[in-house]
Amino acid sequence: MAEAKAPGTRPEDIRPLSPHLQIYRWTWTMAMSVAHRVTGAALYVGTLLLVAWLLALASGPAAFETAQWLFGSFLGRLILFGYTWALLHHMFGGIRHFIWDVGLGFDAPARQNLARMTLIASAALTLLVWVIGYAVS
Amino acid sequence: MASTKHSLRTPLGRVRGLGSARSGTSHFWHQRLTALANVPLALAFIAIVVCAAGGGYDEALALVRSPLVALLLLLFILSATYHMRIGMQVIIEDYVHGGAKVAAVIANTFFALLVAAAAVFAVLKISFGGM
């Protein structure tokens, strides 16, 4: 009997694949679709920041001071700024999906505008949150 | 499973007529339910963090243990970790295949539960722990 080839290498297994991202010219809708997934994945890891902050607060003053010092450092602020934007961008991206879920916003100008508004709204609200944050602290 | 690798039939052709698995749309629907809940809860979470940013340990403790804030944090933690578990499973199923996919999906569930349990425990300890 002939030696069996590993699955995936036989001619009958190799089907043509459709072109992927690097083939196409970038569009707003494509960029915001990618951004929705990337921000979602970033927020997945970012939940560890919330856990760290809550556990530090639950552990006592010394642990909390360390956490506040870390989050207050330049790198900490940069990460928190990115986290804020990722959260708000993912939220607006989700609202965009809700608009599509009810059957609206599918024509070309609406798609384009929704994608642009997602980025504009998330950037604007992120800046607003941080301005308020610095004003109250 | 390995025998299907020899087939020229498409994946759709192989499953057509076998009936639904009865849970085909549950992830889709739960993703949207938790997304809807996450909109107000995430905004509340940001507001809570902004309020805590300026103060010290005592202020943060008083803030997190106040009933409304603790409740909003708990709801946000539960809804967000469930939402992120489904979302990450979609990403895994897109890019990881074979045995690694199964391992990644299991690890994903464990991670989401670990994050949820740790955060819920912390909020409850702050609220009821007599700190």
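Two residues are in contact if their C-beta atoms, placed from the backbone, lie within 7 Å. I apply this cut-off throughout the entries on this predicted model.

**Entry 1: A:Ile99.** I looked up A:Ile99 and found it in helix H3 of chain A. Setting aside residues within four places in sequence, I listed its contacts as A:Leu104, A:Gly105 and A:Leu114. I then took the C-alpha separation of A:Ile99 and A:Leu114, which is 9.3 Å for a pair 15 residues apart along the chain. A:Ile99 counts as partly exposed, because 14 C-beta neighbours lie inside 10 Å.

**Entry 2: A:Asp101.** I stayed in helix H3 of chain A, where A:Asp101 also lies. Is A:Asp101 buried or exposed? I counted 12 other C-beta atoms within 10 Å, so A:Asp101 is exposed. I also checked A:Asp101 against A:Ile132: the two are 31 residues apart in sequence, and their C-alpha atoms are 33 Å apart in space.

Entry 3: A:His90 counts as buried, because it has 26 C-beta neighbours inside 10 Å and the cut-off for burial is 20 or more. Which residues does A:His90 touch, not counting those up to four places away in sequence? I recorded A:His36, A:Thr39, A:Gly40 and A:Leu43.

**Entry 4: helix H1 of chain A.** I turned to H1, residues 28-59 of chain A. Its 32 residues reach 45 Å from first C-alpha to last, close to the 46 Å expected at 1.5 Å a residue. I found a bend of about 35° in H1(A) at A:Tyr44. Just after H1(A), I noted a positive phi of about 130° at A:Gly60.

**Entry 5: annotated spans of chain A.** I looked up the UniProt annotation "transmembrane region", from an unreviewed entry, and found that it covers residues 41-63, 69-88 and 114-136 of chain A. In the model, residues 69-88 of chain A are 95% helix and 0% strand, with end C-alpha atoms 25 Å apart. Residues 114-136 of chain A are 100% helix and 0% strand, and their end C-alpha atoms lie 32 Å apart.

**Entry 6: the contact of chains A and B.** I recorded 29 residues of chain A and 28 residues of chain B in this contact. On the side of chain B that touches chain A, the elements giving two or more residues are H2 (26-54), H3 (57-65), H4 (67-95) and H5 (99-128) of chain B. H2(B) provides the largest share of that side, 8 residues. I saw that the residues of this side of chain B divide into 22 nonpolar, 3 polar and 3 charged.

**Entry 7: helix H2 of chain B.** I compared the 42 Å between the end C-alpha atoms of H2(B) with the span its 29 residues should have at 1.5 Å a residue, also 42 Å, and the two agree. I located a kink of about 35° in H2(B) at B:Asn38, shortly before the proline B:Pro40. B:Asn38 is one of the buried residues of H2(B), among them also B:Thr34, B:Leu41, B:Phe45 and B:Val49. What covers the buried residues of H2(B)? I found that the cover includes H3 and H4 (108-136) of chain A, together with H3 and H4 of chain B.

**Entry 8: confidence.** I noted a mean pLDDT of 91 for chain B, with 95% of its residues at 70 or more. For the complex, the predictor gives an ipTM of 0.85 and a pTM of 0.86.

Technical notes. Residues are numbered from 1 along each chain as its sequence is written. Chains are lettered from A and ligands numbered from 1 in the order in which they are written. This is a predicted model: local features need pLDDT of at least 70, side-chain atom pairs count only at pLDDT 80 or more; totals for chains, interfaces and linings use all residues. Helices (H or I, at least four residues) and strands (E, at least two) are DSSP runs, numbered from the N terminus. The expected span of a helix is 1.5 Å times one less than its number of residues. The bend at a residue is the angle between axes fitted to the seven residues ending there and the seven starting there. Ala, Val, Leu, Ile, Met, Phe, Trp, Tyr, Cys and Pro count as nonpolar, Asp, Glu, Lys and Arg as charged, and the others, Gly among them, as polar. pLDDT is the predictor's confidence in each residue, from 0 to 100. UniProt positions are given in the numbering used here, feature names are shortened, and annotations may be inferred rather than shown by experiment.
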